[in-house]
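I am opening a notebook page on this structure and will write down what I look up, entry by entry.

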Amino acid sequence: MPATSADVRAAGLALPEATERPAWDMACLRVRDKIFASMPPDGTWVAIRLAEGENHGLAAERPAVFSVPQHYRNSSMVVVDLAVVDRDELTELLIEAWRLRAPARLRAAFDAAPGAQPRR
């Protein structure tokens, strides 16, 4: 089932200490003020921070779902088309993005919590 901007917010803001604060006319999800995802006002896509090089790999493997526009070419952000991405995959990507930006103690507490999501 396709994802929506509401799914992005629900999954992202469910993570420990995640907040939403706009920047550059985008809704930005943050952990301790570090951006891990951002969405434009129309909510048709989300840019998610991934591990170095993973963004280009996903875009090459599944270009109908993932892309790396010119303005993200030197970053680790990948643009995810919400109309075609699976909600479970979106949630996994948001968790991984949060993990990359969250401090070590917060990640450790998250991992130790009952029902914590497995690492990708």
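I began with the sheet of this predicted model, and I found an open sheet of 6 strands in the order S1-S2-S3-S4-S6-S5, with antiparallel pairing. S1 and strand S5 (66-67) stand at the edges, and since each has a single partner strand, one side of each is left without a neighbour in the sheet. I reminded myself that, in general, the strands of a sheet pair through backbone hydrogen bonds, in either a parallel or an antiparallel manner.

Next I looked at how S1 is joined to S2: the two run antiparallel, and I noted 6 bridges between them. Within this pairing, alanine 23 stands opposite methionine 26, which belongs to S2.

I then turned to helix H1, which spans residues 5-13, and asked which of its residues are buried. I listed Asp7, Val8, Ala11 and Gly12. Looking down the axis of H1, I saw that these buried residues fall within an arc of 115°, so they line one face of the helix.

My last entry concerns glutamate 89, which I located in helix H3. Is glutamate 89 buried or exposed? Its relative accessibility is 18%, and because buried means under 20%, glutamate 89 counts as buried. Leaving aside the neighbours within four places in sequence, I found glutamate 89 in contact with Arg62 and Phe66.

Notes
Residues are numbered from 1 along each chain as its sequence is written. This is a predicted model: local features need pLDDT of at least 70, side-chain atom pairs count only at pLDDT 80 or more; totals for chains, interfaces and linings use all residues. Side-chain values use heavy atoms; hydrogens and water are left out. Buried means under 20% relative accessible area, exposed over 50%, partly exposed in between (1.4 Å probe, protein chains only). Helices (H or I, at least four residues) and strands (E, at least two) are DSSP runs, numbered from the N terminus. The arc is that of the directions from the helix axis to the C-beta atoms. Contact means heavy atoms within 4.5 Å. Two strands pair if DSSP finds at least two bridges between them.
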